[in-house]
Amino acid sequence: MSISYPAPAKLNLMLRVVGQRPDGYHELQTVFQFIDFADQLQFSSRPAGQFSRSGGAATVAEADDLSIRAARLLMENAGIQEGVHIHIDKVLPLGGGIGGGSSDAASTLIVLNRLWRTGFTRQELMALGTQLGADVPVFIFGQSAWAEGIGEQLSALAEVPESHYVLVHPGIAVSTREIFTAPELTRQHPPSTIGAFLGGVMENTLQSTVCARYPEVESATQWLKSHGLRNVRLTGSGACVFGVAEDASSARIIAGQVPLPWRSWAVKGCNRHPLFDPAEQ
Ligand SMILES: C[C@@](CO)(OP(=O)(O)O)[C@H](O)COP(=O)(O)OP(=O)(O)OC[C@H]1O[C@@H](n2ccc(N)nc2=O)[C@H](O)[C@@H]1O
Ligand SMILES: Nc1ncnc2c1ncn2[C@@H]1O[C@H](COP(=O)(O)OP(=O)(O)O)[C@@H](O)[C@H]1O
């Protein structure tokens, strides 16, 4: 029986668009925190050059799966000949702003770097992860983080409360590209600070644009507020929204009341990634 390795989701506890680069990408300030809601990955050795997947997202072709792309990228950069079969127990919704695909890629890089003894440092693995997506490096970084740039400049934030949250997926997918290219999006918010975030400034400046274009996201936001949750906000570019509950049991009760076709989960913030090993450089 193979070992299962977790690939947890993330929340953006705040997100602020502070500029736009010449290549069109937006410069952000954001705070990432992991949650105890995770895909599970299993790895089995295969002959050199053979890469396959079972489970996973039905709408994502095997060769396009970020975990398979991560495995190939690691092998090519290490200059070795390996093969692997990856089984993914997929529970994280796609395109919800909770980073499930990015996390699958990051856990694959972390675990195969150990199993294949490829010896990349954490920084080197993060640089490889950047080639797969802007959200991949933070999962390898492994700690709650204040992020700048397009999310790749990371500083650890140990003092973030590990709150109980209710997370709602309002049954629709938001296009990240559509939101970042929306003419009405404000692109030049004055920069914020870690101190302001820790003092309670937690808004996501994508939220008004997402809610105006996707009324279900606005409805889910209002539903969470009407159930007494605090600091209700969007994660990433959505479609998931979340709010802070008093404790685990009230989070579970409220999550259990969500109207169909929405889905909801009671989750807890975690300032350490479950695969983070402080002894690894
Ligand atoms: C906004 C964030 C915050 O965590 O959240 P998610 O909703 O994806 O989790 C991420 O930075 C999302 O980064 P990433 O996952 O790489 O975005 P993609 O889906 O590749 O981006 C799709 C498109 O959005 C635009 N885009 C994306 C990120 C960014 N910093 N500036 C942009 O302008 C680009 O037009 C890009 O082609
Ligand atoms: N293993 C994977 N799990 C989820 N999505 C994947 C995976 N591999 C590739 N993808 C693609 O990446 C996209 C973004 O996925 P995900 O990281 O879950 O969402 P988000 O960026 O909104 O947080 C998906 O819509 C899908 O097309």
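Ser-226 lies in helix α8 (residues 215-226). Helices (H or I, at least four residues) and strands (E, at least two) are DSSP runs, numbered from the N terminus. With 9 C-beta neighbours inside 10 Å, Ser-226 counts as exposed. The cut-offs are these: buried means 20 or more other C-beta atoms within 10 Å of the residue's own, exposed means 12 or fewer, and partly exposed is in between, with C-beta atoms placed from the backbone. Ser-226 and Thr-176 are 50 residues apart in sequence, and their C-alpha atoms are 27 Å apart in space.

This is a predicted model, in which local features need pLDDT of at least 70 and side-chain atom pairs count only at pLDDT 80 or more, while totals for chains, interfaces and linings use all residues. Residues are numbered from 1 along each chain as its sequence is written, and chains are lettered from A and ligands numbered from 1 in the order in which they are written.

### Two domains

The domain assignment gives domain 1 (5-156) and domain 2 (164-270). Such bounds come from an automatic or database domain assignment. The C-alpha centres of the two domains lie 22 Å apart. In the contact between them, 24 residues of domain 1 meet 33 residues of domain 2. Contact here means C-beta atoms, placed from the backbone, within 7 Å.

Which elements give two or more residues to the domain 1 side? They are β1 (5-20) and β2 (26-46). β1 gives the most, with ten residues. By class, the domain 1 side has 13 nonpolar, nine polar and two charged residues. Ala, Val, Leu, Ile, Met, Phe, Trp, Tyr, Cys and Pro count as nonpolar, Asp, Glu, Lys and Arg as charged, and the others, Gly among them, as polar.

Two packed helices are described by the angle between their axes and the distance between the axes. Axes are lines fitted to C-alpha atoms, for helices over the stretch in contact, and angles run from 0 to 180 degrees between N-to-C directions.

Take α1 and α2. The axes of helix α1 (residues 66-78) and α2 come within 8 Å and cross at roughly 35°. α1 passes α2 in a right-handed crossing. A crossing is right-handed if the near helix is turned clockwise from the far one by less than a right angle, and left-handed if anticlockwise. On the α1 side, the contact residues are Leu-66, Ser-67, Arg-69, Ala-70, Ala-71 and Leu-74. Their partners in α2 include Asp-104, Ala-105, Leu-109 and Asn-113. This contact has seven nonpolar, five polar and two charged residues.

Next, α2 and α3. Helix α2 (residues 100-115) packs with helix α3 (residues 122-130) at an angle of about 140°, and their axes are 10 Å apart. α2 and α3 are therefore oblique to each other. Angles under 35 degrees count as roughly parallel, over 145 as roughly antiparallel, 65 to 115 as roughly perpendicular and the rest as oblique. α2 passes α3 in a right-handed crossing. From α2, Ala-105, Ala-106, Leu-109, Ile-110 and Asn-113 take part, and they meet Leu-125, Leu-128 and Gly-129 in α3. By class, the contact has six nonpolar, two polar and no charged residues.

### The loop between α2 and α3

Phe-120 is found in the loop between α2 and α3. Is Phe-120 buried or exposed? Phe-120 is buried, because 21 other C-beta atoms lie within 10 Å. Leaving aside neighbours within four places in sequence, Phe-120 is in contact with Asn-113 and Leu-125. Phe-120 and Ile-110 are ten residues apart in sequence, and 9.3 Å apart from C-alpha to C-alpha.

Arg-117 is also found in the loop between α2 and α3. Arg-117 is exposed, with 9 other C-beta atoms within 10 Å.

Most residues other than glycine have a negative phi, and most peptide bonds are trans. The table lists departures from this pattern.

| Site | Backbone feature | Value |
|---|---|---|
| Arg-117 | positive phi | about 50° |
| Asn-231 | positive phi | about 50° |
| Gly-238 to Ala-239 | cis peptide bond | omega near 15° |
| Leu-260 to Pro-261 | cis peptide bond | omega near 5° |

Asn-231 has its place in strand β8. Asn-231 counts as partly exposed, with 16 C-beta neighbours inside 10 Å. Ala-239 is in the loop between β8 (230-234) and β9 (241-245). Pro-261 lies in the loop between α9 (248-255) and β10 (263-270).

How values were computed:
Two residues are in contact if their C-beta atoms, placed from the backbone, lie within 7 Å.
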